Each structure stands twice: as structure tokens, then as C-alpha cells.
Amino acid sequence: MLYSSGLLTCIVRARCRGRALVLMYHRVTADGPAENHGGISVTRPTFEKHLRFLKNNFRVISPSEYLEHLDRKEDFAAGSVLLTFDDGWRDNYENAYPALKKEGLPAVVFPAVGFIGSSELFWQDRLRRSLADLRRNSPAANQDIAGRQQKRLFRICPSAELRRVLDADERKLESAINSCVAAFKKKPCEDAERLIATLERLTGKVPRPVQRNFLSWLELTEMSENGIDIGSHGIRHTILTSISDKGRLAREIVGSREILEFGLRRKVRLFSYPNGDYNRVISGAVHRSGYCAAFGTVPGANACTDNPYGMKRINIHEDMTGTAPLFLARVAGLW
């Protein structure tokens, strides 16, 4: 009703007067949702609908144009939208890039540099698989784990979160695993690695991906030469607020930019905080490192006078954007 009456469009225009919307995509799959990535993936048919809708109803701008407005403190034109892609998944080249080329629309891709051309998994996915393997291998896992191993496991993992995984029935298992992963996003990055190593020893299973998951250098180069900007998403997709070592933090921020600039022979101007997490120290480090702007995951529209190192974005995924009314409602910030 809101969409058909035109009221939804009025809401978007009112909320975004003089501001720009930044849409945050991750994965664009061929058909169904990506495993464990339902909240960050859209199918190619849905993505193509999004692009057609944006082209007809908004003004999709390039990263350069976006930065010009920030630099000049100039209001954005009505309906300005910037498209961004986090992580650097291979399907960005296979599915998103052809659709963008067809519509002649610009975008920016933020790869995690250490995963370029890799079949590895982010630690979040490795932890999900290890917890699932633990349950599959031990139906009564909390009884099957040897006493010494169980004590070690509970020293590493928050006992309440792990117990919830071990005790959850099949209907609640996925939710329990996601809660455990979320808990580790707030802890030092070394804790997650120790837990994963322990779980892999307990289950005797180390994930062995059989296909490349992330963009290659050749794909990134081709995209960068054809209307797609490349920004940095760190090296190992480590949540920056979980890093206590200043040297490692510098490598994630400065080192990732230097690697990209060397590999692409182009200046890298934009940064995307892994998981959207940052603080004043981290945003200051990104600023001093030579980036022109950085993006988080707080939803909303951006004014030209906003902090360039705390840009807001709207996460787009299949469940909430499968139709034009749903997509526009999401863009409008109604959910």
C-alpha cells in the first residue's frame, strides 16, 4: 500500500534530502542463498532487479563523486546512492560484476587482502563448521568429551554459549552456533583461533575447501579497469577492535592498502571496517594512513558534513529485499 500510493518514495526523499545512501552487499549467488550467509547474500535475479530499480528511481554515483561531495562539503543530489561490496567473494565477479556492467553502474568492492585468490574461510565460518562438526560427531557431546578436553574447551569458550550449542536441539542449533560466534566477535582475535584449533583437534576435522571462494588478482584488476573501485577490508578480516597489538593493527590498515596498491597499480582511497566495528583510535589510524573515507555498518543516510571515517551503510540481503516494495522499505530504513 505504501509503495503503490507513492508514500514510501516520499519517505525516502524526505529522509535523504541532501544526503547519500550507501548500500552494503556481500555475496551475489547464482540462485539460492549461500550456506551460512543468508543474512548477507542476494541471488543474481534479485540483484538485477535492485539495479534496474535503482537506475530508474535513484542516482547511482561513483566512489569518486561520493568523495568529491565529502571533500567540498557539498550536499548530495536527490536520490544519490553508492553501491558497496564487502569481503571480496568470487561471486562478486561471476554474478554482480556482469549485472553492473550491463546497467552501466559503478560500485566499490572491499576485499580482505589475505584471502585474495584463496579457498580459505573466514574465522567466523571456520568456527561455525567446527561447532557443527562437534555436534555431529558427538550426539551427546557434553558427555562424550573427555574431562581434560572439556575443561580446556570451557576455558577458551564462554561456558554459557558453548553449553547452549551442546544442548540445543536441531531446531535451535543454528541460532546457538550464531550466538557463540557473535560472542567471539567481542573477544581478542586470538581466542577464536585457539577455540577453532581445539575444536578441530577434538573432532579430527579440518575444513578442506575444494573451490576458490574469493576474488583473484586478475578478476580484481579487470573490475578496477572497468568502473569498479577497489577498497581495503583489512588483511585477515579480523575485527579491528579485537586487536591489542599496535603492529598488527597497522598491518591490517596500512599493510592491506599497500598490498592492494602494489597489486593493482592504483591508489586505494576507501576502507571498510570488518564487521563494521571501530572506535576513535581505529578511525583515527585509518585517517592517518591515507584513506579518504571509511565505512561501518550502522544504518542511515550520510551528509556531506558527516565524519568521513564513520560512514553509514544499509545492509542488503535476500530475505528483506526480494520485491521492489520490500527493497524500497529497506532503503527507507523502515526495517
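E190 and R248 form a salt bridge (a side-chain nitrogen of Lys or Arg within 4 Å of a carboxyl oxygen of Asp or Glu), with 3.8 Å between the closest N and O atoms. The two residues belong to distant parts of the chain, E190 lying in helix α11 (residues 189–203) and R248 in helix α13 (residues 246–264), 58 residues apart; helices are DSSP runs of H or I with at least four residues, strands are runs of E with at least two, and both are numbered from the N terminus. E190 counts as partly exposed because its relative accessibility is 33%, where buried means under 20% relative accessible area, exposed over 50% and partly exposed in between (1.4 Å probe, protein chains only). R248 is also partly exposed, at 25%.

This is a predicted model, in which local features need pLDDT of at least 70 and side-chain atom pairs count only at pLDDT 80 or more, while totals for chains, interfaces and linings use all residues. Residues are numbered from 1 along each chain as its sequence is written, and side-chain values use heavy atoms, with hydrogens and water left out.

Salt bridges that share partners join K187, D191 and R194 into one network. Within it, K187 forms a salt bridge with D191, the closest N and O atoms being 3.8 Å apart; K187 is partly exposed at 25% relative accessibility, whereas D191 is buried at 13%. A further salt bridge joins the side chains of E94 and R90 at 2.8 Å, N to O, with E94 partly exposed at 38% and R90 partly exposed at 23%. The count of salt bridges comes to 17.

Turning to the strands, β6 (residues 107–111) is mostly covered, with 5 of its 5 residues buried. In a regular strand the side chains alternate between the two faces of the sheet. Strand β6 pairs with β5 in the parallel sense over 4 bridges, pairing being assigned if DSSP finds at least two bridges between two strands, and V108 in β6 is the bridge partner of T84.

A negative surface patch is formed by E68, D71, E74 and D75; patches are made of residues with over 30% relative accessible area and no salt bridge, like charges being joined within 9 Å and nonpolar side chains (Val, Leu, Ile, Met, Phe, Trp, Tyr) within 5 Å. D75 lies in the loop between α4 (63–72) and β5 (80–87), and D75 is exposed, with a relative accessible area of 55%.

Key:
Areas by Shrake-Rupley, 256 points an atom, 1.4 Å probe, with all protein chains shown as cover. Lys, Arg positive; Asp, Glu negative; His and termini not counted. Charge placed at Lys NZ, Arg CZ, Asp CG, Glu CD.
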